[in-house]
Amino acid sequence: MALIDTINPLLTTGWSRGDAGWRLKDYEARGGYVQLKRVLASKMTQDELIAEVKKSALRGRGGAGFPTGLKWSFMPKAATEKYVVCNSDEGEPGTFKDRDLLRFDPHSTIEGMIIAAYAVGAKLGYNYIHGEIFEIYQRFEEALGEARAAGYLGDRILGSEFSFDLFAHHGWGAYICGEETGLLESIEGKKGQPRYKPPFPANFGLYGKPTTINNTETFAAIPFILGMGGEAYLNLGKANNGGTKLFSVSGHVNRPGNYEVPMGTPFAKLLEMAGGMRGGRKLKAVIPGGSSAPVLPGDVMMECSMDYDSIAKAGSMLGSGAVIVMDETVCMVKALERLSYFYFEESCGQCTPCREGSGWLYRVVHRIEHGQGRTEDLDLLDRVTDNMMGKTICALADAAAFPVRSFIKHFRSEFEYHIENKKCLVNPDVQRAGSGFFRASSTAGAA
Amino acid sequence: MIEIEIDGKALQVAEGSTIIEAAHQLGTYIPHFCYHKKLSIAANCRMCLVQVEKAPKPMPACATPVTNGMKVFTHSEQAVKAQKAVMEFLLINHPLDCPICDQGGECQLQDLAVGYGESASKYQEEKRVVPDKDLGPLVSTDLTRCINCTRCVRFTAEIAGFMELGQSFRGERAEIMPFIGKTVDTELSGNIIDLCPVGALTSKPFRFSARTWELSRRKSVSPHDGLGSNLIVQTKHDRVMRVLPLENEDLNECWLTDKERFSYQGLNSAERLTKPMVKQGGVWQEVGWNVALDYAAHALRDVAKTHGGAAIGGLLSPHATLEEMYLVQKLLRGLGSENIDFRLRHSDFSADGKRRGTPWLGMKIADIGGLDRVLVVGSFLRKDHPLIAQRLRQSAKRGAQISILHSADDDLLIKLTVRAIAAPSQLPARLAEVVKAVAELKGRPVDPALATVGAGDTAKQIAASLVSGSKTAILLGNFAQQHPQAATLTALAQELSGLLGGSFGFLGEAANSVGGHAARAVPGTTGLNAAAMLKEARQAYVVLGAEPELDCADGALALAALTQAAAVVVLSPFKSQAMLDYAAVLLPVSPFSETSGSFVNTEGRVQGFHAAVKPLGETRPAWKVLRVLANLLEVAGFQFNSSEDVRAEALGGQPEFVSGLDNGIDGGALTLAASANGLERVADVPIHFADALVRRAPALQQASDSAAPAARMNAATLAKLGLVAGERARVDAGGTAKVTLRRSLMPVCPMAWCVSRQPMPIRSRWVRCSPF
């Protein structure tokens with residue numbers, strides 16, 4: 001299952017051959033490294049390069065959606081020792097796009113990183129790859145070997161004045177290492193704990209040096225932006241939301257998988273591409289941007305289009321583009337319990353509100369789910385989440401609080417039913433039927 | 001400067017300060033746990049959240065730098081709501097059992113919970129339990145109480161120099177722990193007890209023995225190393241229960257070494273001498289003060305009459321007070337003896353008579369931080385001067401270049417620029433090389449005596465580092481001062497600092513190393529020094545506070561000299577078997593906690609202190625005992641009514657710093673001994689063995705620094721001698737000892753070896769080492 005469906009494939013151009021198309025020769029055959037060659041041969045200036053990226057309105061694909069060109073322009077020009085770091089520590093539940101990017105087309109990320117290094121004047125880069133996708137890390141190492149052998153990495157790349165080397169680094173699976181400063185700490189060999197900001201990585205990053213850190217998908221988009229020009233890329237999407245984006249659609253759809261669509265594509269279209277709802281059931285809720293994004297009721301979601309602004313308007317976040325689809329068989333209390341457990345488990349333990357609060361949230365939700373809820377619990381959850389949000393070094397406390405608040409906001413009656421009746425509003429048999437675990441075979445075919 | 005406003009009050013603060021620092025300047029208290037002015041910013045407890053105008057959410061005051069025009073509200077609704085929220089989170093997993101917690105009554109969390117906590121907890125779930133860890137004999141853990149502020153972690157990493165504690169695991173399961181199977185072994189470990197804002201780290205010797213509100217507090221001064229740390233001695237029922245640091249930014253900052261913090265246990269030792277004793281017919285008897293003083297006076301008068309005053313020698317502990325030393329020397333001089341010395345561990349006295357003044361640090365302790373180039377010569381710096389080492393550690397982090405020339409390659413946990421390790425006999429030659437190299441770099445003529453010296457690469461590196469700085473200092477450590485060629489080392493250091501235009505000085509060995517000179521407790525021109533009066537054994541000795549068999553450079557020789565003497569009068573807070581063997585009379589005198597007096601620290605600062613508790617049993621302050629003894633001996637000029645009177649006479653007033661501080665020596669010979677071959681002994685004075693008090697502190701004696709004696713030598717030396725690391729070996733050097741061999745991983749000079757951590761009955765510098 002490499003590529004199921006797409007509109008305007010860019011990032012996924014090379015995916016159609018599955019595991020057979022990732023090598024350097026395949027990438028070059030698709031026009032790979034042409035942009036790097038052009039940049040080096042034309043002696044494009046750093047400012048021109050950054051201006052092009054700014055023009056594309058490419059926004060960080062890791063979840064925060066920060067304009068990439070702007071981020072690059074923060075790098076101090078005078079500094080001699082600078083780094084570019086790729087964040088492939090894809091740990092957000094529901095997200096699996098970077099894994100496939102590195103699996104089916106690792107060279108686009110490599111090329112993107114080399115061009116980024118050129119733009120910000122870095123000599124060294126790291127790609128931090130999530131520890132639980134070790135085979136992807138191995139493939140990336142292999143791809144790096146190919147690029148090095150072909151002279152795309154190392155001293156005086158392709159005979160130019162520009163030197164850059166890139167290394168892969170795999171983590172051990174901690175979600176918090178996906179936070180950019182936690183990631184930098186982890187590369188440095190320390191415990192992965194986010195740093196207090198400011199200073200931001202652009203001034204004080206890896207080993208205290210200016211560092212640009214972007215998501216895998218962001219880097220992978222760079223060669224395509226240069227290929228078609230910033231403006232054309234922007235026009236693929238909509239204003240302020242340039243280009244295409246990978247969406248990892250999971251949950252109760254017929255064909256879960258990664259879909260590349262232009263920014264601004266209606267959610268209904270994305271759902272249709274994913275084969276529609278499994279078993280033709282009714283859409284109940286969608287988490288549009290990874291588990292830390294607030295959940296949206298199905299009907300609200302059907303009105304949204306897939307871009308940063310539209311989703312934000314509806315009260316959630318596009319995040320990393322992990323679309324978790326839930327149908328009517330889902331017990332929202334149980335779903336929240338699972339999510340809360342994740343944040344309880346993954347809090348780094350540094351800041352008091354998150355360390356203590358994430359466990360408190362999980363325990364209360366767990367209690368409600370197991371028939372021991374109290375009438376005051378929903379108010380308690382509201383107060384605890386309110387006390388956690390915005391009071392910690394990184395956003396993990398907020399990430400733990402958002403699901404709780406949004407689940408209760410949109411599905412309060414289910415929680416109240418649970419507390420009053422000590423059982424699920426959704427009949428357990430229905431839940432089991434919806435989970436698919438108890439069926440002999442899955443229905444709709446995957447590509 | 002930046003103009004900001006805190007709670008409506010305008011003020012100017014330095015650029016780069018944080019909100020909490022600015023608030024401190026204003027006297028506004030912002031609640032906090034993880035923030036500590038001497039540690040890096042962690043911003044993890046979140047207790048110091050305050051409202052900042054235009055900021056969308058509350059900001060941590062400890063980590064937020066001030067900006068021009070910033071308006072901060074520390075008690076606004078938003079700020080207090082955030083602070084209360086954090087307090088609630090801190091308390092949900094914290095045991096709410098203050099009445100059974102050792103920290104109760106002096107707990108930051110308890111105090112702030114009164115202001116920011118609710119009367120009842122909304123948390124109804126199970127509380128977290130964290131297994132305790134063994135951090136060694138000094139620090140006790142109760143980690144369930146830990147709020148993960150990581151002050152202890154940052155202390156070990158940043159101040160003590162080696163991260164012995166860390167936060168393992170994550171989220172709610174995060175816990176503070178040492179390396180698996182290891183304890184916290186830094187000589188500064190007790191400070192984590194003070195730093196811990198809750199009852200997670202408490203003092204093992206003290207815990208559960210008293211409540212903070214039951215304790216009386218007295219200011220005092222540390223009687224141990226030359227720094228003169230300021231203490232708060234806490235007492236209950238005339239017993240010292242605990243010692244804490246009294247903050248003094250010029251000296252100990254807010255720290256104490258473990259020795260200073262825990263040595264108080266020795267004050268309550270079973271070996272305390274509480275009644276005067278005399279030996280009659282070989283049998284010891286406890287007697288009244290009248291009898292004992294009469295006995296002592298008779299004994300001394302007899303010897304003086306029969307053999308002359310010069311037959312009496314005075315051995316004074318450098319840990320005795322200025323007043324005590326002054327009175328002993330005055331008494332002995334009154335009896336006609338010039339044989340007085342407190343420099344018991346020294347072995348080279350050839351600089352006597354050539355000194356321009358009292359040897360001292362050569363600068364203020366607080367100025368150490370301003371040095372940009374330092375050469376430490378002959379020092380077990382970390383163990384002998386832990387807090388000076390700490391200052392140099394911070395300097396090195398700020399970019400100062402610290403180098404060391406020494407005979408043992410102990411890990412100083414300081415980023416060193418050059419490390420030159422040489423056998424003890426080679427130290428003068430190696431220092432001479434540095435002098436030569438500096439002279440060459442500076443294009444200055446060198447003393448003719450050094451004409452033939454050829455500077456090696458290491459010396460050139462040290463020289464290059466030294467000449468590149470603007471504020472240099474050469475610091476001679478205890479090992480250099482006790483070195484058989486100490487005068488040569490001093491002369492070389494003087495030459496070197498002259499070339500560099502910097503300073504040179506001595507790291508004071510003991511609490512009163514400068515005070516001893518100020519009290520004139522050194523031999524006159526006709527007198528014998530500490531070594532000579534043991535070599536040329538006297539008929540009688542007056543011993544003040546010392547245990548010469550352990551405190552002298554040659555313990556065995558001291559023991560022999562004392563044993564043969566007709567009369568040994570010992571003034572000591574403690575008794576030992578050795579004392580009972582050689583003494584004729586034992587006069588119980590007060591340790592520092594039970595007497596008034598003063599210590600003059602290594603920078604010449606006179607620090608007076610009062611008794612914290614009443615003297616134990618029949619013990620009396622030594623200055624009173626000496627006054628009576630002098631009266632009995634009819635020595636004139638002992639009409640003192642207080643220890644302040646004594647100090648005024650000794651120092652010619654009550655100065656803040658003693659006068660006459662000068663390290664210079666005139667006519668010091670720069671003769672370098674010919675290089676020698678053979679196995680040389682490098683013996684330190686173990687940190688918890690340096691004086692009579694700390695030797696009797698049980699918890700310190702269990703600490704890792706008090707481990708059994710061992711010989712350390714590098715692999716090449718072991719192989720050459722046919723010895724195996726880990727096995728026992730026989731060490732023969734005028735005396736014989738059996739020790740365990742440890743292989744030194746560091747490239748110690750191939751011909752040097754170290755016997756560390758315990759004194760040994762070894763006399764010679766030259767040793768033979770053979771399989772046992």
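A:Pro199 is found in the loop that runs between helix 8 and strand 4 of chain A. The model is predicted. The peptide bond that joins A:Pro198 and A:Pro199 is cis, with omega at about 0°. A:Pro198 lies in the loop between helix 8, residues 180-187, and strand 4, residues 211-215, of chain A.

Elsewhere in chain A, A:Thr109 was examined for its surroundings. A:Thr109 belongs to helix 6 of chain A, which covers residues 106-120. The relative accessible area of A:Thr109 is 0%, so this residue counts as buried, the cut-off being under 20%. When residues up to four places away in sequence are not counted, A:Thr109 touches A:Cys86, A:Leu102, A:Thr216, A:Phe219 and A:Ala220.

In chain B, backbone torsions were considered next. B:Lys54 is not a glycine, yet has a positive phi of about 80°. B:Lys54 is placed in the loop between strand 3 (49-52) and strand 4 (59-60) of chain B. The relative accessibility of B:Lys54 is 79%, and the residue therefore counts as exposed, for which over 50% is required. A positive phi is also found at B:His237, with a value of about 50°, although this residue is not a glycine. B:His237 sits in the loop that links strand 11 (230-236) to strand 12 (239-245) of chain B. With a relative accessibility of 74%, B:His237 counts as exposed.

The overall fold of chain B was then described. Chain B contains 23 helices and 32 strands. Its radius of gyration is 28 Å, close to the 28 Å given by the globule rule for 772 residues, so chain B is as compact as a globular protein of that length. Taken along the principal axes, the C-alpha atoms of chain B fill a box of roughly 90 × 65 × 55 Å. Of the 772 residues in chain B, 62% are buried. Among the contacts in chain B with a separation of 6 or more, 72% are between residues 24 or more positions apart.

Eight salt bridges are found by the rule across the interface of chain A and chain B. One salt bridge pairs B:Glu172 with A:Arg363, and the closest N and O atoms of this pair are 2.7 Å apart. The number of residue pairs in polar contact between chain A and chain B is 23, with both residues at pLDDT 80 or more.

Key: Residues numbered from 1 in each chain as written. Chains lettered and ligands numbered in written order. Predicted model: local features only at pLDDT ≥ 70, side-chain atom pairs only at ≥ 80, totals over all residues. Heavy atoms only, no water. Salt bridge = Lys/Arg side-chain N within 4 Å of Asp/Glu carboxyl O. Polar contact = N/O pair within 3.5 Å; in protein donor to acceptor, adjacent residues only side chain to side chain. Helix = DSSP H or I, 4+ residues; strand = E, 2+ residues; numbered from the N terminus. Rg over C-alpha atoms; globule rule 2.2 N^0.38 Å. Buried < 20%, exposed > 50% of the residue type's maximum accessible area, 1.4 Å probe, protein only. Contact = heavy atoms within 4.5 Å.
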